[in-house]
Amino acid sequence: MLLAILTISLMAGLFGLILGYAAVRFKVDGYPLVDQIDALLPQTQCGQCTYPGCRPYAEAIANGEAPINQCPPGGQATIVALADLLDTDVLELNAEHGEHPEIPLVAVIDEQTCIGCTLCIQACPVDAILGASKRMHTVIAGECTGCKLCLPPCPVDCIEMLPVAQTIDDWKWAMPQGIGELAHGG
Amino acid sequence: MAAERHSLHRFHGGLQLDGHKAESLARPLREASLPPRLYLPLRQHIGDPNLPLVEVGNRVRKGDIVAASASLICASVHAPSSGTVSAIEPQPVAHPSGQADLCIVIEVDGDDEAAPAEPVDTGKLEPAELIEKICRAGIVGLGGAAFPTSPKLSRARAHRVETLIINGVECEPYITCDDILMRNFADEVLRGVAYLQQILAPDTTQIGIEDNKPEAIAAMSRALAANPLAQTEIVPVPTIYPAGGEKQLIQILTGREIPHGRLAFDIGLLCHNVGTCVAIARAFERGEPLLSRIVTISGDNVAAPANFEVRLGTPIAHLIELAGGYLDGDKVHLVMGGPMMGFSLASDAVPIVKASNCILAMRDATIPRAVGPHEECIRCSKCTEVCPANLLPQQLYWHARARNFERTREYHLFDCIECGCCSAVCPSRIPLVQYYRAAKSEIRAAERAQYRSDRARARFEFREKRLAQKKQREEERRRQKREALRRKREGDAAAAPAEDPVQAALERVKARKQRATQDELS
Amino acid sequence: MNPAASPPSVASGRTLQRFMLQVIVALLPGTLIYAWFFGPGVLVNIALAVIFALAFEAAILKLRARPVTTQLADLSAVVAAWLFALCLPMHAPWWLVLVGIGFTMIAGKHLYGGLGFNPFNPAMVGYVVLLISFPVEMTTWYLPYTLGGERLGLLDSLAYSFGLADVAQWDALTSATPLDRLKTELGQGLSVEQLRSAPLFGRLAGAGWEWVALGWLAGGVWLLATGTIRWHIPASLLLAVFAIASLLHLVDPASYASPLFHLLSGAVVIGAFFIATDPVTAATTDRGRLLYGAMIGLLTYTIRAWGGYPDGIAFAVLLANMCVPLIDYYTQPRVYGDS
């Protein structure tokens, strides 16, 4: 009896020591959850999730304050990636926050109509609009995330959201279909 | 002779295929007539597309440069014949998507008037200058990949090239354009090789030719015997697909493998196609840019398969006509390139580009994968046996199909050369290569999206920081203002309670002005 | 519509159907020798199994809304049924075949997603279920006609299968298989030499059975020659059995039968060429296949010598099936460009 207790305690102590050592020796400095979530968000900075930018939304998700289905630009792919990272259920995109655009959008300023008020420049979260007071403005198409935040402030409604022009380089080979996928009405 | 002493190596897998070479070799090489219109796509190789240098209505002469790019990986486009630029607009191009892309359309006048040629005095120029000439001549690899030749040469020069390999293997069935080129222009091929030797100064040069082309080997050997080149040998290589792949040919000739993510010149080797050598020779000797190439027209649905010297931009329909037309016009399946790696074309309006080595007109029935879904994989691993990169094609397939792209990378998806051996042997007729191409394009699209979102994040964070700094500066200024005011008031109260209030107000204004100038200066 | 029919634009002529047909053809010599020695019962079993299997396959494909005719035409169900039927005693009641094939097709194949997705060899799943559930029916074997002196006709076999005849009249012909005898009588203290002199044990590994095994071997060699299967699994499996049997036979010949007996008795040969090589459930890399075959060989011998069953191929194959993902993962070949 005594021997058994002694053996068990000794083993427990030994394994405890090994585990303790391993915890120190093999410690992984996983980069914080917020960064990992932020890396999955599309960085449109559009605020459609009701948070002022992608990082604040990432913080809210990390703190459990927001569900993972509030990002329309990311769409279902982002939701799946987030669910995978956080090990939660995959949700449908919450339609209250908007629809996922199939082709990314880019803002285009009608330069004839623009009065040079700089309001859109102040609204752009990624500094993608170039211009000065009383001078015509233009969008740097390559930097525009298609967030639409420049639309409301424009007093003359001269900004339009257009789908990004698709070239041959954007074309993707389609996944073939197996006999099984066909049956599921794919 | 030298060839017999050469010890060859093997690569993993590969296939013995029916050559189907005799069909197009039965007729001699012919020059294709000029079509009424030439279509020159601006995007003919990887890297940025070229920009047009002409406008609609401009008259161009044969050899005039019509499009170029400032990018590092560049090859200009020249007018293959004289005429008028009638449009710069989207036209069907040779691309698996079947989409249209921007082309310069030249209405051919038939005079074929040439721009004055400037032959290159190769003896007087430095290698770097010769490379510049090759760039101006718009020369790309004519083996089918169409990678611009000049950046390849200048990057290789930065390394030391021990062995220059000239690729005359042409391992894909049906294609015979290199074969007929070597038979007809062996001297020019060797002169091109000599120029490459001048540029690269390799220790040795090996010209690999598949042993199913005895006439080409004989012609090249005769030419080499007549004008010997230092340390140059012609090496017949066994006929096994894909021996003509750059990596495989290097493995056969040298026994060496190119490490992951590196290029041939990283291990002191460089590969060029025989057609490219002829293009270089012509560019230097005649001062003629790349205006035409030899194209094989073959397949079981064309009346008289043959090889043609074709002006770039010639629509395929024009060539099919020259080759006697279709046998069964209702059931045509057009392929650009060989049957293993080529892609299907949506129409015969597509023009010949620098990369077009072969046009196959097949009957629909010959194309095994034209219709219907494939059967399921039974893990028989025939694909693994034939893979020249020694990959596990079926693991790649399972993960690609499950869209588990991270895993496909772990299984070396990007080492796949898309040779099609695995698809060809699959008993379930799974289009494996298409799975890999689909997976690759998804991964590349995701990488582009990631790049964009990283950039957007950086810009957003920078803007946040800038706004925060601005706010902080403003607050600091307000605080200083309040501080100054308070100190002033305290000082006033202590020193001169009975002072003239008007004087005090003036003083304040003066002080404020002073501060403003200071602020402006700072 | 994507105009791009996927490359390559050449047909190989290799199809699933042809692959399965080759396996069936390769099974013919062994099957015919089997029928010659032990009567046409085995043919009845095969016929019943094939009919039931096709019926099950068609019904399940219909339920799963899959194209029925194309998938029946791949003949995979026929191969599975054939192999399953060869595992049964030569005179098995029809319902035994039905139950076994039901497990083979439903639990062994389609519950996992059908052809290509099943981790376990379906025929072995069906067989093992029967072996555990119906031990009496599954161990009622018969003498070869060379010993029993009587050859049953096709009608007799059919009558037996459908319970239309009085089975007691054939009791005199029932007999344990050589492996059964070896197992039970070694346990009772007899030595291998004493046993081997019994006529049941034939010249090499059991009267009749040794010839059947040679029939499988002929078919297997043909499969190798046509490139339908590769040598890795059969070679390593046979070598493993041979090696461990030789070793133990050398150490103690009285308790361990000769390597030749082990190779040619029971299901080792058919297992090596036809069962373990089922591509769906076998390892896929070259080195993996060597490992997989050796594992089955060693497990089979272990079960025979020290386990509860006289033969062990079925269990060995199923156990090895479980290890396949692990084996495949750790035996990946060196990729071009690896240093």
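What percentage of the 339 residues of chain C count as buried? The share is 51%, where a residue is buried if 20 or more other C-beta atoms lie within 10 Å of its own, exposed if 12 or fewer, and partly exposed in between, with C-beta atoms placed from the backbone.

## Model and conventions

This is a predicted model, in which local features need pLDDT of at least 70 and side-chain atom pairs count only at pLDDT 80 or more, while totals for chains, interfaces and linings use all residues. Residues are numbered from 1 along each chain as its sequence is written, and chains are lettered from A and ligands numbered from 1 in the order in which they are written.

The predictor assigns the complex an ipTM of 0.87 and a pTM of 0.86. For chain C the average pLDDT (the predictor's confidence in each residue, from 0 to 100) is 87, and 94% of the residues score at least 70.

## Chain C

Chain C contains 17 helices and two strands; helices (H or I, at least four residues) and strands (E, at least two) are DSSP runs, numbered from the N terminus. The C-alpha trace of chain C spans about 70 × 55 × 30 Å along its principal axes. A compact globule of 339 residues would have a radius of gyration near 20 Å, and the 21 Å of chain C agrees with this. The radius is taken over C-alpha atoms, and the globule rule is 2.2 Å times the number of residues to the power 0.38. Of the contacts in chain C with a separation of 6 or more, 75% are between residues 24 or more positions apart; two residues are in contact if their C-beta atoms, placed from the backbone, lie within 7 Å.

Helix α4 (residues 76-87) of chain C is mostly covered, with 12 of its 12 residues buried. Among them are Ala81(C), Trp82(C) and Phe84(C). The buried residues of α4(C) pack against α1 (16-38), α2 (41-63), α3 (68-73), α5 (94-109), α6 (122-133) and α15 (268-275) of chain C. The 12 residues of α4 should span 16 Å at 1.5 Å a residue, and the end C-alpha atoms are 17 Å apart, which agrees; the expected span is 1.5 Å times one less than the number of residues.

## Chain B

Chain B has 15 helices and 17 strands. Its radius of gyration is 32 Å, well over the 24 Å that the globule rule gives for 522 residues, so chain B is more spread out than a compact globule. The C-alpha trace of chain B spans about 120 × 60 × 50 Å along its principal axes. Of the 522 residues, 51% count as buried.

Leu17(B) is found in the loop between α1 (2-5) and α2 (22-25) of chain B. Leu17(B) is buried, with 22 other C-beta atoms within 10 Å. Apart from neighbours within four places in sequence, Leu17(B) is in contact with Pro173(B) and Tyr241(B). The peptide bond from Tyr241(B) to Pro242(B) is cis, with omega near -5°, and Pro242(B) lies in the loop between β11 (232-237) and α7 (246-254) of chain B.

## Nonpolar cores

A nonpolar core is a set of buried Ala, Val, Leu, Ile, Met, Phe, Trp, Tyr and Cys residues joined through C-beta atoms within 7 Å. The largest has 249 residues, and those with the most contacts inside it are Met220(B), Ala49(C), Ala53(C), Ala81(C) and Trp82(C). Helix α5 (residues 177-200) of chain B gives the most to this core, with 14 residues. Not counting residues up to four places away in sequence, Ala81(C) touches Ala49(C), Val50(C), Ala53(C) and Ile101(C). A second, separate core of 17 residues includes Cys120(A), Cys124(A), Cys144(A) and Ile159(A).

## Interfaces

Between chains C and B, 29 residues of chain C are in contact with 47 residues of chain B. The side of chain C that touches chain B has 15 nonpolar, 11 polar and three charged residues. In this division Ala, Val, Leu, Ile, Met, Phe, Trp, Tyr, Cys and Pro count as nonpolar, Asp, Glu, Lys and Arg as charged, and the others, Gly among them, as polar.

Between chains B and A, 23 residues of chain B are in contact with 23 residues of chain A. Helix α14 (residues 432-495) of chain B supplies the largest share of the side of chain B that touches chain A, 13 residues. That side comprises seven nonpolar, seven polar and nine charged residues.
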